[in-house]
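Q: Please take me through this structure one feature at a time. Start with the terms, then show me the case.

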Amino acid sequence: MNFVTPSNGQFMVAGYIVAGIVYLGYVLLLVRRQRALDARWRALPPRPGRPAAPPPPDVAA
Amino acid sequence: MPTSSRHSARPARTIDGVLLAGLIAVAGAVTRAIWFTPVEARQGLAQKIFYIHVPSAFVALYIAFALLALSSGLYLWLRDPRLDRMAESAAEVGLVYMSVVLLTGPIWGKTVWGTWWTWDARLTLTLFLWFLVLGLLLLRQSIDERTMRARYSAVLGLLAAILVPFIHLSVYLFRTLHPRPIVLKPSAPSLPGSMLVTLLISFGAFVLLFIGLLRMRYRWATERDELLALENAE
């Protein structure tokens, strides 16, 4: 089988893409987790003295 | 009674401002590294992986895992749940940075060493540390009782951080393919000025990104614990 050897520049691009996927993927994970947690807060029945749940994401600044 | 940002009238933000600044700073550092920094004569373009690999390693080893050790040690002394949350957050964000190190290193290594991986002291110890921190986070998932979970993970966090000096010194103590530090060493950095400036900008950008990620992760952990306390009280 003939394999095409990637060029030096392609290795650089691969390195940056992999790092980008990991960092942006983690940011996305944190955002999703935070939104899921906010939804759990909003689902709590209101009680006197309890801190208010945050507004839904589309209302939030 | 829980106390948090939820008591304030300030609306909740999904993305932290510091995190956004960190992402923009990293994008700027990457732009400078790729387009405005000279190409290394012998290694070619692949050497530019250096500008993400080295700052990520620096943040993971000397900031995230140092913070993990400090928070873990202080937790064992003071038993403050905020320290446990800080240790948990530093471990997770540090693991992300360490993952980037372990993924970009082989890509760079393939071009300069001719191999993706070698079981030398630096690489093996780094991989071992990655598994230890992953184990710490998995351990936390498996223990429901809060104080026991915090105590066990604090001990494991301290043990994991003990590896950091060995990883730093491994290139001096053993024969390894991995090069010795060119910046974090007693003598002057062995790097041309323009490359050093790019590296320092990258350091700053990745530190800022770390602070943003850590803030967001810590806030999530705080609100999660408060919610659990409220749910358990009902």
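A: Helices (H or I, at least four residues) and strands (E, at least two) are DSSP runs, numbered from the N terminus. This is a predicted model, in which local features need pLDDT of at least 70 and side-chain atom pairs count only at pLDDT 80 or more, while totals for chains, interfaces and linings use all residues. Residues are numbered from 1 along each chain as its sequence is written, chains are lettered from A and ligands numbered from 1 in the order in which they are written, and side-chain values use heavy atoms, without hydrogens and water.

Q: How many helices and strands does chain B have?
A: Chain B has six helices and zero strands. Its pattern along the sequence is α-α-α-α-α-α. The C-alpha trace of chain B spans about 65 × 40 × 30 Å along its principal axes.

Q: What does "buried" mean, and what share of chain B counts as buried?
A: Buried means under 20% relative accessible area, exposed over 50%, and partly exposed in between (1.4 Å probe, protein chains only). Of the 234 residues of chain B, 47% count as buried. Take Val164(B), found in helix α5 of chain B. Its relative accessibility is 8%, so Val164(B) counts as buried. The C-alpha atoms of Val164(B) and Thr126(B) are separated by 8.5 Å. Along the chain, these two residues are 38 residues apart.

Q: How do I read empty space?
A: Rolling a probe the size of a water molecule over the atoms shows where empty space is left. The search uses a 1 Å grid over the protein atoms alone. A cavity is a set of points where a 1.4 Å probe fits but cannot get out. A pocket is an open set with protein on both sides within 12 Å along at least five of seven lines. Lining residues have an atom within 4 Å of a point. Grid points are joined across faces, edges and corners, and a volume is the space filled by probe spheres set on the points.

Q: What is the volume of the largest pocket, and which residues are closest to its centre?
A: The largest pocket holds about 940 Å³ of space. It is lined by 39 residues, and those closest to its centre are His53(B), Val54(B), Trp108(B), His178(B) and Pro179(B). In chain B, α2 (50-78), α3, α4 (121-142), α5 and α6 each supply at least two lining residues.

Q: How does that lining divide by class?
A: Ala, Val, Leu, Ile, Met, Phe, Trp, Tyr, Cys and Pro count as nonpolar, Asp, Glu, Lys and Arg as charged, and the others, Gly among them, as polar. The pocket lining has 26 nonpolar, nine polar and four charged residues.

Q: How many cavities of 30 Å³ or more are there?
A: The count is two. The second largest cavity has a volume of about 30 Å³. Its lining has one nonpolar, no polar and seven charged residues. Among them are Asp84(B), Glu88(B) and Arg140(B). α3(B) gives the most to this lining, with three residues.

Q: How do I describe two packed helices?
A: Use the angle between their axes and the distance between the axes. Axes are lines fitted to C-alpha atoms, for helices over the stretch in contact, and angles run from 0 to 180 degrees between N-to-C directions. Angles under 35 degrees count as roughly parallel, over 145 as roughly antiparallel, 65 to 115 as roughly perpendicular and the rest as oblique. Helix α1 (residues 8-43) of chain A packs with α6(B) at about 25°, with axes 10 Å apart. Therefore α1(A) and α6(B) are roughly parallel to each other.
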